[in-house]
Amino acid sequence: MRSEVGILLVLVSLILFAIGSYIGLVILPPSPEKILENNYRIIFFHLPAAINSFLAFTVTLISGILYLKTRDSKFDVLASSSALVGFVYITAALISGSIWANRAWGTYWNWDPRETTVLILWFVYAAYFALRSSIDNPEDKARISSIYAIFAYVTVPLSYLSTRLWFSLHPTTAEIHIKIAVPLMLNFAAFTLLYIALTYLNYKAEKIMEVV
């Protein structure tokens, strides 16, 4: 993939996001559920960001395992590049979820199982970057970061399954009672393409820094 392709993917993702957001924010009616009403519209931003962060951390996990098997630095660079985009996405999901909670429940934070497990995930991957920045030797950094990423990944399924493992006020898409599939899929595609593009561009930048 060339840098021009990465930039093109960013542009395509922005177009898809604009279309999906217009349908979701302007065309669709309010939800008949009183607690959701127009508040549900944040899902078109919140859910794609959250799911793509899980995708990004999965790539980090796989790349970390591949580094430990091959000792090829490209896998370490891919792991950190993917984790960076994932961290941005999960931060966006955490903030947007808190905004929705304030509108629906009257407070930004409720210690709901989904909120709590996502916050734990956020701190775990923040620690991943703190760990990387604290190690100077490239090989030690790659090895220790890869091992850490394997153990850190447990927070991903924990966050995803939290609403099934414990009682949670977190709403499901079925509760909205609005046909949200089209705009949601458009925004999923937009966030996924943006993830691919940003991970690739960050990967190329990191590889250039290695040479310099």
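Mentor: Let's start with a definition: a residue is buried under 20% relative accessible area, exposed over 50% and partly exposed in between (1.4 Å probe, protein chains only). We're looking at a predicted model, where local features need pLDDT of at least 70 and side-chain atom pairs need 80 or more, while totals for chains, interfaces and linings use all residues. Residues are numbered from 1 along each chain as its sequence is written, and side-chain values use heavy atoms, without hydrogens or water.

Trainee: Okay, what does Leu-11 count as?

Mentor: Leu-11 sits in helix α1, residues 3–27 (helices are DSSP runs, H or I, of at least four residues, numbered from the N terminus). Its relative accessibility is 47%, so Leu-11 counts as partly exposed.

Trainee: And Ile-178, buried or exposed?

Mentor: Find Ile-178 in the loop between α6 (155–165) and α7 (181–211). Its relative accessibility is 15%, so Ile-178 counts as buried.

Trainee: How far apart in space are Ile-178 and Asn-202?

Mentor: Along the sequence, Ile-178 and Asn-202 are 24 residues apart. Going C-alpha to C-alpha, the distance in space is 37 Å.

Trainee: How are α2 and α3 oriented to each other?

Mentor: Helix α2 spans residues 43–70 and helix α3 spans 73–105, with axes 7 Å apart and an angle of about 160°. Angles under 35 degrees count as roughly parallel, over 145 as roughly antiparallel, 65 to 115 as roughly perpendicular and the rest as oblique. That's why α2 and α3 are roughly antiparallel.

Trainee: What about α2 and α5?

Mentor: Helix α5 covers residues 138–152, and its axis lies 8 Å from that of α2. The two pack at an angle of about 130°. So α2 and α5 are oblique.

Conventions:
Axes fitted to C-alpha atoms, helices over the stretch in contact; angles between N-to-C directions.
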